[in-house]
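Please have a look at the picture first, and then we will go through it together.

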Amino acid sequence: MSHTAHIPSHRKPRRNASKTALRAGVAGGVLSTIAVAGAAGPAQAEPVTQTIEMPTITSGLSTAVAASAQATQQVAQDLQTQAQEDAAAATAAKAAKKAKAEAVRKAEAKKKAEAAAKAKAEAAERASRTTARTTLSATSGSSTGTAASTSSSSSSYSSNATGSAAAVIAFAQAQVGDAYVPGGTGPNSWDCSGLVQAAFRSVNIDLPRVSQSQSTAGTQVSLSNLQPGDILYWGGAGSAYHVGIYVGNGQFVGAQNSSTGVVQRPLSYDPPSGAVRVL
């Protein structure tokens, strides 16, 4: 074979010149970029030793949010306070209305009770006057013996009183056995001054209603100079707490207490403090 003969080459065929140039350009650009970055950076990098905080919400926005929350809380508190005040006012109004209704009810009840008591007192007064008229009719024109006979029907002792004194004694003795009731003015129940007042009213003499006043209604007399028809009192003159009627012979008639009622007793049973003469 001739040394000039063509020997096939085993090398790969060269790439296209345009492609080679393109690749060279890209590589050159990358290397240039790296070189520039290296030149711009510090010659020797230092390690990071400081923590960089991220930015937070601005102070103005934070203040606005806090103010809004505080305002909302204040509004809630105001509403709660108003609700409590409204509830308290409603409760007070309800209590006041109830108290007023109760006061009106009590006032009406008191008025009715007073009217009933007045009617009862007027009825008792009418009955007392009827009894007095009956007693006066029975004793009208009678003598001492008649008065004694009348008194003997209610007592073992007959007074020797005459005239108005006899009528007063007869009335008092006719009530012996009746009940004692505080404030009683007859006709079937009495207190001490109610009985004395009614007895003297039977002869058209008006006495005060209470024992204190009755003990000064006439002339003061000593207990050693008593006459039938004299008013006996227990306690001081003007401050007496009990009264009765002297019927003679050392005895008296009086509405004593709730246990005994109206009785006739000797003076020694309950010695009086003084006496006053009206007749």
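In what order do the six strands of the open sheet stand, and in which sense do they pair? The order is 3-8-4-5-6-7, and the pairing is antiparallel. At the edges stand strand 3 and strand 7 (261-266), each with a single partner strand, so one side of each has no neighbour in the sheet. On average, and with direction ignored, neighbouring strands of this sheet are turned by 35° against each other.

Before I go on, a word on the basis of all this: this is a predicted model, in which local features need pLDDT of at least 70 and side-chain atom pairs count only at pLDDT 80 or more, while totals for chains, interfaces and linings use all residues. Residues are numbered from 1 along each chain as its sequence is written, and side-chain values use heavy atoms, with hydrogens and water left out.

As for the terms, helices (H or I, at least four residues) and strands (E, at least two) are DSSP runs, numbered from the N terminus, and two strands pair if DSSP finds at least two bridges between them. In general, strands of a sheet pair through backbone hydrogen bonds, either parallel or antiparallel.

Let us turn to strand 8 (residues 274-277), which pairs with strand 3 (residues 219-221) in the antiparallel sense over three bridges, with Ala-275 as the bridge partner of Val-221. Strand 4 (residues 231-234) is also joined to strand 8 by three bridges, again antiparallel, and here Tyr-233 stands opposite Gly-274. Both faces of strand 8 are covered, with Gly-274 and Val-276 buried on one side and Ala-275 and Arg-277 buried on the other, where buried means under 20% relative accessible area, exposed over 50%, and partly exposed in between (1.4 Å probe, protein chains only).

Further along, strand 6 and strand 7 pair in the antiparallel sense over six bridges, and Phe-252 has Arg-265 in strand 7 as its bridge partner.

Leaving aside neighbours within four places in sequence, Gln-256 is in contact (heavy atoms within 4.5 Å) with residues including Tyr-180, His-242 and Asp-270.

Terms used: Axes fitted to C-alpha atoms, helices over the stretch in contact; angles between N-to-C directions.
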